Amino acid sequence: MSSNGIPGPDSEVALRVKAMESLLLEKGLVESSAIDELIDMFENRLGPWNGAQVVARAWSDPEYKAWLLKDGTGAIADMGFAAVQGEDMVVVENSAEVHNMVVCTLCSCFPWATLGLPPVWYKSAPFRSRAASDPRGVLAEFGTEIGADAEVRVWDSNAELRYMVLPERPAGTDGMDPEALAKLVTRDSMIGVTNVAPPG
Amino acid sequence: MSRKVDLEVVSRLYQKAGAVRLKMDIEPRFKPGDRVRARNINPAGHTRLPRYVRGKEGVVERDNGIFHFPDARVAGDGDQPQHNYSVRFDAQELWGPGAPATDCLNIDLWEDYLDNA
């Protein structure tokens, strides 16, 4: 079975990774338990479901939202999400007046603790350049139309801070509890390339 | 020889990995509201100052605190800790009059990248 689930031989990259893993283990540079732990961390513990819980709590609790926007690192740590690449977090709020969107023009900086590893398109050169120079064009390609009178604000996370967008709470969600709200929140909405769609 | 990557090393990644921000007493050269211009420098080595902001004028929006200066670290010139600021640039300043007047871009810039405008 190949690494992408399709029957057949492993891809060249998968074979290379296996060869490197064997060498690192044989030379005693890495323990296999460390590799298992890393995979479990990124498959099961660090991912956008963490960020979604932060967003849902902020939508449900005005005091928490105020804390989150003032001290993203502290408020996110309060939810237990304080892993690597989430040491200094800034959360920016989308509204009818301002639409925020995050990019790392220099590489692929991304808030792992709340959103996991970045999607491939986030790391691609076309996204990285056009998100800065033509954000409305990129947003339109994601199906996100921003009114001409609203402000589009791009955050280039090229340095040490990591950014996450607090999307707007969609209509038709009155009375939903944080658990139900979290299910509506997508990774892309926390990067700011989409909005959160109403339920249904 | 660097340390073997074992379970403990990896597990630490999942705990609070220690803030990157430095607790030091260094006077900031800029404050929120200051108009600044990104230096037009073209270093041969690593920099976090992208070309699209070089020579452009913006406004300091927030003092992010003190961080090691990556340009110096990569070059082997020590840590050179200094303030880093979120600087806001109008989209038209960066991309010309064709960009929407409503839009802007914030980017985190180290003090050594900035002059008073």
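Tutor: A residue counts as buried under 20% relative accessible area, as exposed over 50%, and as partly exposed in between. The model discussed here is predicted.

Student: Is B:Q80 buried, exposed or partly exposed?

Tutor: B:Q80 sits in the loop between α2 (70–75) and β3 (82–90) of chain B. Its relative accessible area is 36%, and because the middle class lies between 20% and 50%, B:Q80 is partly exposed.

Student: Where is B:I41 placed, and which residues does B:I41 touch, not counting residues up to four places away in sequence?

Tutor: B:I41 belongs to the loop between β1 (35–38) and β2 (57–67) of chain B. With a relative accessibility of 31%, B:I41 counts as partly exposed. Leaving aside residues up to four places away in sequence, the residues that B:I41 touches are B:L49, B:R54 and B:Y113.

Student: What distance separates the C-alpha atoms of B:I41 and B:D115?

Tutor: Along the chain, B:I41 and B:D115 are 74 residues apart.

Student: In which order do the elements of chain B run from the N terminus on?

Tutor: Chain B has three helices and five strands. Among its contacts between residues at least 6 apart in sequence, 60% join residues at least 24 apart. Read from the N terminus on, the order of the elements is α-β-β-α-β-α-β-β.

Student: How far apart do the centres of the positive and negative side chains of chain B lie?

Tutor: Chain B carries 18 positive and 18 negative side chains. The centres of these two sets are separated by 5 Å.

Student: What share of the residues in chain A is buried?

Tutor: Chain A contains eleven helices and four strands, and its C-alpha atoms fill a box of roughly 60 × 35 × 35 Å along the principal axes. The accessible surface of chain A is about 9400 Å², with 57% of it belonging to carbon and sulfur atoms. Of the 200 residues in chain A, the buried share is 48%.

Student: What span should helix α3 of chain A have, and how far apart are its end C-alpha atoms?

Tutor: Helix α3 of chain A (residues 48–60) has 13 residues, and at 1.5 Å a residue these should span 18 Å. The expectation agrees with the model, since the end C-alpha atoms of α3 are apart by 18 Å.

Student: Which residues of α3(A) are buried?

Tutor: The cut-off for burial is a relative accessible area under 20%. In α3(A), the residues classed as buried are A:N50, A:G51, A:A52, A:V54, A:V55, A:A56, A:A58 and A:W59.

Student: Is A:S189 buried or exposed?

Tutor: A:S189 is part of helix α11 (residues 187–191) of chain A. Not counting residues up to four places away in sequence, A:S189 touches A:V165, A:P167, A:T194, A:N195 and A:V196. Its relative accessibility is 0%, so A:S189 counts as buried.

How values were computed. Residues are numbered from 1 along each chain as its sequence is written. Chains are lettered from A and ligands numbered from 1 in the order in which they are written. This is a predicted model: local features need pLDDT of at least 70, side-chain atom pairs count only at pLDDT 80 or more; totals for chains, interfaces and linings use all residues. Side-chain values use heavy atoms; hydrogens and water are left out. Helices (H or I, at least four residues) and strands (E, at least two) are DSSP runs, numbered from the N terminus. The expected span of a helix is 1.5 Å times one less than its number of residues. Buried means under 20% relative accessible area, exposed over 50%, partly exposed in between (1.4 Å probe, protein chains only). Contact means heavy atoms within 4.5 Å. Lys and Arg count as positive and Asp and Glu as negative; His and the chain ends are not counted. The place of a charge is taken as NZ of Lys, CZ of Arg, CG of Asp or CD of Glu. Accessible areas come from the Shrake-Rupley method with a 1.4 Å probe; for residues, only the protein chains shown count as cover.
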